[in-house]
Amino acid sequence: MSAAASILRRCAACAAILSATIFPAATQSVKTPAKISDSVWTFDLATQGYTPDPGDAFRAQIPALRKISFLNNSTVIATFIERVTTTGLHRRDDPNRTPPFKLHAVFLDAASGHVQRTQSWSSDSSEIGVIPAADGTYSVYEGNVVYKFSANGEPAGELRIPSAEGSGVGIWAAAVSPTGKTILSQYRSDSGVRCEWIRTDAMTTNGEACQIPENASISDVEIAAHESRKKQTDPNKIYISKLGGEWKPICVSEDGSGCAVADFLSDQTMLAYNAGKLEVLQNDGKKTFEQVLTQQIEVASPDAGTVSSSRGGVRFGILLWNSPFSNNVVRTPGAGPNSESGVTLTPKRIAVLDLETKKWIFVLENKNPQLHEMDFALSPNGDALAVKSEGTVRLFHVTDASTQ
């Protein structure tokens with residue numbers, strides 16, 4: 001399932017978001033928006049064996065497993081999944097059986113785009129990804145196990161996840177904190193949903209039965225989740241809770257136009273949508289920034305990894321999509337429900353905001369209607385933007401191009 005399809009799959013939970021766009025002033029404050037061709041360097045993942053594969057697209061169902069990230073300010077990690085072709089039938093416990101998926105990670109020098117090294121991991125699941133942490137280490141999440149590595153790729157630990165064991169258990173959702181030190185992994189079975197709070201710094205996990213929405217967001221100390229209206233007169237709310245503590249509302253949309261969490265930017269702040277506005281909220285609900293949303297041209301969604309922040313949340317980037325109402329989408333006759341035209345959203349732009357100056361300082365425009373993917377990551381210092389589009393990785397310098 002593509003990232004765009006993932007957005008449409010959960011439209012019921014983010015209807016208000018789908019009807020809003022960034023107000024034009026957000027991008028007009030940038031003197032000259034960057035174009036895809038303005039990248040500092042370009043790297044073709046086909047040189048490392050990449051080919052388009054449904055297994056890689058399937059990973060879009062868990063946005064936390066990003067396809068592009070920064071290990072540190074000097075190293076970009078680009079990943080892709082290979083679907084391994086096997087012959088014959090093998091039992092899962094057969095030591096000679098080849099797992100059907102392989103995750104490839106390419107470590108690129110952020111200054112030059114040259115390959116520093118590569119790693120790969122075989123897996124029975126396509127729900128696998130690399131998660132960098134603020135301390136310079138990184139983890140490989142595979143649903144039922146987490147592997148930890150030092151900055152130079154040396155093994156540093158392995159953690160089995162108890163809730164993932166047993167027949168009929170499947171991964172329901174996953175969320176990762178901005179520091180990469182905490183993972184919330186949810187597992188569904190006939191007996192219900194269980195949550196595992198995984199700490200990659202200490203390599204420990206704590207499991208419990210839970211009732212947390214699929215699109216919850218977490219920091220290292222708190223969790224935030226959106227509650228849809230139970231009936232037409234109810235408000236939309238964002239609830240926040242200390243891990244295992246009491247839930248309290250910090251964002252309430254009384255006009256019914258929507259109140260949904262996008263993601264935590266740091267342990268202290270989060271990005272939210274509320275009544276036609278994009279807001280940065282502190283943990284107590286205090287608003288530190290807002291941007292009016294208007295015009296049905298673009299889509300902003302909490303799905304598909306559309307937010308990335310620098311260390312401490314000083315800067316963040318957000319991916320905006322061409323809305324289903326615009327002309328810049330792919331329409332397939334007969335592919336939608338009831339045989340109407342199916343719609344595939346296309347990425348429109350990535351915009352970067354500096355919260356200290358409260359300016360939109362960088363905008364990357366997509367002018368290619370055939371480009372259906374723009375996974376991205378902001379560097380820890382907020383000075384670079386890495387973008388993965390299908391099998392191509394590009395790096396951009398985030399220079400302050402604001403006119404204000």
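Reader: Quick one to start: are Y50 and F80 buried or exposed?
Author: Both Y50 and F80 are buried. Keep in mind that this is a predicted model.

Reader: Noted. How many aromatic pairs does a search of the whole structure find?
Author: The search turns up six aromatic pairs. One of them is Y50 with F80, an edge-to-face pair with 5.4 Å centre to centre and 90° between the planes.

Reader: And where do Y50 and F80 lie?
Author: Y50 is in the loop between strand 2 (41-44) and helix 4 (54-58), while F80 is in strand 4 (residues 75-83), so the pair ties together parts that are 30 residues apart in sequence.

Reader: What about F289 and W360, why does that pair count as edge-to-face?
Author: Planes over 60 degrees apart count as edge-to-face. The planes of F289 and W360 are at 70°, with the ring centres 6.4 Å apart, so this pair is edge-to-face.

Reader: Which strands hold F289 and W360?
Author: F289 is in strand 22 (residues 287-292) and W360 is in strand 29 (residues 359-365), so to speak distant parts of the chain, 71 residues apart. F289 and W360 are both buried.

Reader: Which residues do ring pairs link into a cluster?
Author: The cluster is made of F107, W121, Y138 and F149. F107 also has R117 lying over its face, at 3.9 Å from the ring centre.

Reader: Which other ring has the charged end of an arginine sitting over it? I'm thinking of R66.
Author: That ring belongs to F376, and the charged end of R66 is 5.8 Å from its centre.

Reader: Let's switch to strands. How do strand 5 and strand 6 pair?
Author: Strand 5 (residues 101-109) and strand 6 (residues 115-123) are antiparallel, with eight bridges between them. If you want a spot to look at, V106 stands opposite T118 in strand 6.

Reader: How many residues sit between the strands in that hairpin?
Author: Five residues, and in this hairpin of strand 5 and strand 6, G113 takes a positive phi near 85°.

Reader: What order do the strands take in the open sheet of four?
Author: The order is 11-12-13-14, and the pairing is antiparallel. Strand 11 (170-176) and strand 14 are the edge strands, each pairing on one side only. From one strand to the next, the twist averages 20°.

Reader: How many bridges do strand 12 and strand 13 share?
Author: Strand 12 (residues 182-189) and strand 13 pair over eight bridges, in the antiparallel sense. T182 stands opposite R199 in strand 13.

Reader: Now cysteines. How many disulfides does a search of the whole structure find?
Author: It finds one disulfide. That bond joins C195 to C210, with S to S at 2.0 Å. C195 is in strand 13 and C210 is in the loop between strand 14 and strand 15 (217-218), which puts the two 15 residues apart.

Reader: Left- or right-handed? I mean the disulfide of C195 and C210.
Author: Right-handed, because the torsion about the S-S bond is about 85°.

Reader: And is C210 buried or exposed?
Author: C210 is buried, at a relative accessible area of 7%. C195 counts as buried too, at 0% relative accessibility.

Reader: Where does M203 lie?
Author: M203 is in the loop between strand 13 (192-199) and strand 14 (204-209). M203 is buried, with a relative accessible area of 16%.

Reader: What about the phi of E390?
Author: E390 isn't a glycine either, and its phi is positive at about 55°. E390 lies in the loop between strand 31 (384-389) and strand 32 (392-397). E390 is partly exposed, since its relative accessible area is 29%.

Reader: Last one: where does D354 lie?
Author: D354 is in strand 28 (residues 347-354). D354 is buried, with a relative accessible area of 7%.

Reader: What is D354 in contact with, leaving aside its neighbours within four places in sequence?
Author: V314, R315, K359 and I361.

Definitions and conventions. Residues are numbered from 1 along each chain as its sequence is written. This is a predicted model: local features need pLDDT of at least 70, side-chain atom pairs count only at pLDDT 80 or more; totals for chains, interfaces and linings use all residues. Side-chain values use heavy atoms; hydrogens and water are left out. Buried means under 20% relative accessible area, exposed over 50%, partly exposed in between (1.4 Å probe, protein chains only). A disulfide is a pair of cysteine sulfur atoms within 2.5 Å. Two strands pair if DSSP finds at least two bridges between them. Axes are lines fitted to C-alpha atoms, for helices over the stretch in contact, and angles run from 0 to 180 degrees between N-to-C directions. Rings of Phe, Tyr and Trp (its six-membered ring) pair if their centres lie within 6.5 Å; planes under 30 degrees apart count as stacked, over 60 as edge-to-face and the rest as tilted. A charge sits over a ring if NZ of Lys or CZ of Arg is within 6 Å of the ring centre and within 35 degrees of the ring normal. Contact means heavy atoms within 4.5 Å.
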